[in-house]
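Work through the exercises below with the model open. Try each task before reading its solution.

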Amino acid sequence: MQNQAFSETEVRQQVRTHYAAIALQAEKGCGCGCGTRPETLGYAAEDIALAPPGAEMGLGCGNPTALAAIQAGQTVLDLGSGGGFDCFIVARKTGPTGRVIGVDMTPEMVAKARANTAKSGASNVEFRLGEIEHLPVADASVDWVISNCVVDLSPNKAQVLAEAFRVLRPGGRLAISDIVALQPIPEAVKADFAAYAGCVAGAASVAEWQTMLQRAGFNEVQIEIKEGSRAFIESWRQGAGEYVASANITARKPVA
């Protein structure tokens with residue numbers, strides 16, 4: 001799905017600029033998530049404590065780490081890793097024999113995440129600069145792809161999912177928390193970039209997500225709407241809870 005109000009180039013440039021500004025702020029910014037507390041999104045206190053100060057930036061809409069049954073020794077890729085919050089949580093799950101890779105297209109976010117790595121002392125986490133539509137990751141090299149309210153920002157979501165499929169090993173899994181459209185989004189909202197950067201205007205429908213995942217090659221596709229999310233989404237933008245909600249999205253790359 002593509003928001004016709006903006007070209008792909010305009011979306012990438014404006015999203016990069018918007019999130020660069022958030023990365024440079026001393027406090028949490030307002031983008032996807034808009035300051036929603038991690039406890040509200042389903043993170044346990046012990047998991048929040050695993051990340052160094054400054055990694056959690058209030059930009060998520062769910063908890064993909066709870067959807068992924070990550071095991072020691074596995075490799076996990078986080079799409080749009082921001083300050084690295086989810087990466088530091090799953091790094092404890094993979095253990096020292098595992099590996100966590102965060103990819104973000106904003107240099108300021110990557111710099112922030114790398115600084116957080118130094119503070120955390122984690123040796124199995126790395127952050128790479130790159131677009132999630134063109135991942136700087138080798139074919140069939142990761143066991144899990146996770147993402148928290150980032151695919152929604154892409155002007156080419158189908159390409160993102162195709163890339164996720166490419167980098168997953170056979171049998172690898174996708175676990176995403178993101179915003180989905182439950183009914184047509186008003187044209188005035190689509191034309192408002194603040195609504196796009198806030199993960200509302202660019203939301204794809206459940207049917208569109210299913211189609212994109214299946215065309216990418218995934219099976220075992222499941223999309224669970226979180227009705228309770230409408231309350232905190234309403235705090236991002238008045239009226240948004242009427243037409244979008246957060247969802248848990250999971251899928252698997254076939255073994256054969």
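**Exercise 1. Count the cavities of 30 Å³ or more and describe the lining of the largest cavity.**

Solution. Start with the rule. On a 1 Å grid over the protein atoms alone, a cavity is a set of points where a 1.4 Å probe fits but cannot get out. Grid points are joined across faces, edges and corners, and the volume is the space filled by probe spheres set on the points. The count comes to 1 cavity of 30 Å³ or more. About 510 Å³ of space lies in the largest cavity.

Next, the lining, meaning residues with an atom within 4 Å of a point. It has 37 residues, and G80, G82, D104, N148 and V150 lie nearest the centre. At least two lining residues come from each of α1, β1 (75-79) and α4. The largest share, 4 residues, is from α1. Helices (H or I, at least four residues) and strands (E, at least two) are DSSP runs, numbered from the N terminus.

Keep the source in mind: this is a predicted model, where local features need pLDDT of at least 70, side-chain atom pairs count only at pLDDT 80 or more, and totals for chains, interfaces and linings use all residues. Residues are numbered from 1 along each chain as its sequence is written, and side-chain values use heavy atoms, with hydrogens and water left out.

**Exercise 2. Find the residues that touch the most other members of the largest nonpolar core.**

Solution. A nonpolar core is a set of buried Ala, Val, Leu, Ile, Met, Phe, Trp, Tyr and Cys residues joined through side-chain atoms within 4.5 Å. Buried means under 20% relative accessible area, exposed over 50%, partly exposed in between (1.4 Å probe, protein chains only). The largest core has 53 residues, and Y19, I179 and V244 touch the most other members. Elements giving two or more residues include α1 (8-24), α4 (85-94), α5 (107-120) and β5 (168-181). The largest share, 6 residues, comes from α4.

Now take I179. Its contacts (heavy atoms within 4.5 Å) include C61, W209, I233, W236 and V244, with residues up to four places away in sequence not counted. Another core lies apart, with 29 residues, among them L79, L135, F165 and F218.

**Exercise 3. Is S177 buried or exposed, and what is it in contact with?**

Solution. S177 is found in strand β5. Its relative accessible area is 0%, so S177 is buried. Beyond neighbours within four places in sequence, S177 is in contact with residues including C61, N63, P64, N148 and N248.

**Exercise 4. Classify the aromatic pairs F165 with F218 and F232 with W236.**

Solution. Rings of Phe, Tyr and Trp (its six-membered ring) pair if their centres lie within 6.5 Å; planes under 30 degrees apart count as stacked, over 60 as edge-to-face and the rest as tilted. The structure holds 5 such pairs. For F165 and F218, the centres are 5.2 Å apart and the planes at 85 degrees, so the pair is edge-to-face. F165 lies in helix α6 (residues 157-167) and F218 in the loop between α9 (206-216) and β7 (219-226), so the pair ties together parts 53 residues apart in sequence. F218 is buried at 4%.

For F232 and W236, the centres are 5.8 Å apart and the planes at 40 degrees, so this pair is tilted. Both residues lie in helix α10 (residues 229-236), 4 residues apart, about one turn of the helix. F232 is buried at 12%, and W236 is buried at 13%.

How values were computed:
On a 1 Å grid over the protein atoms alone, a cavity is a set of points where a 1.4 Å probe fits but cannot get out, and a pocket is an open set with protein on both sides within 12 Å along at least five of seven lines; lining residues have an atom within 4 Å of a point.
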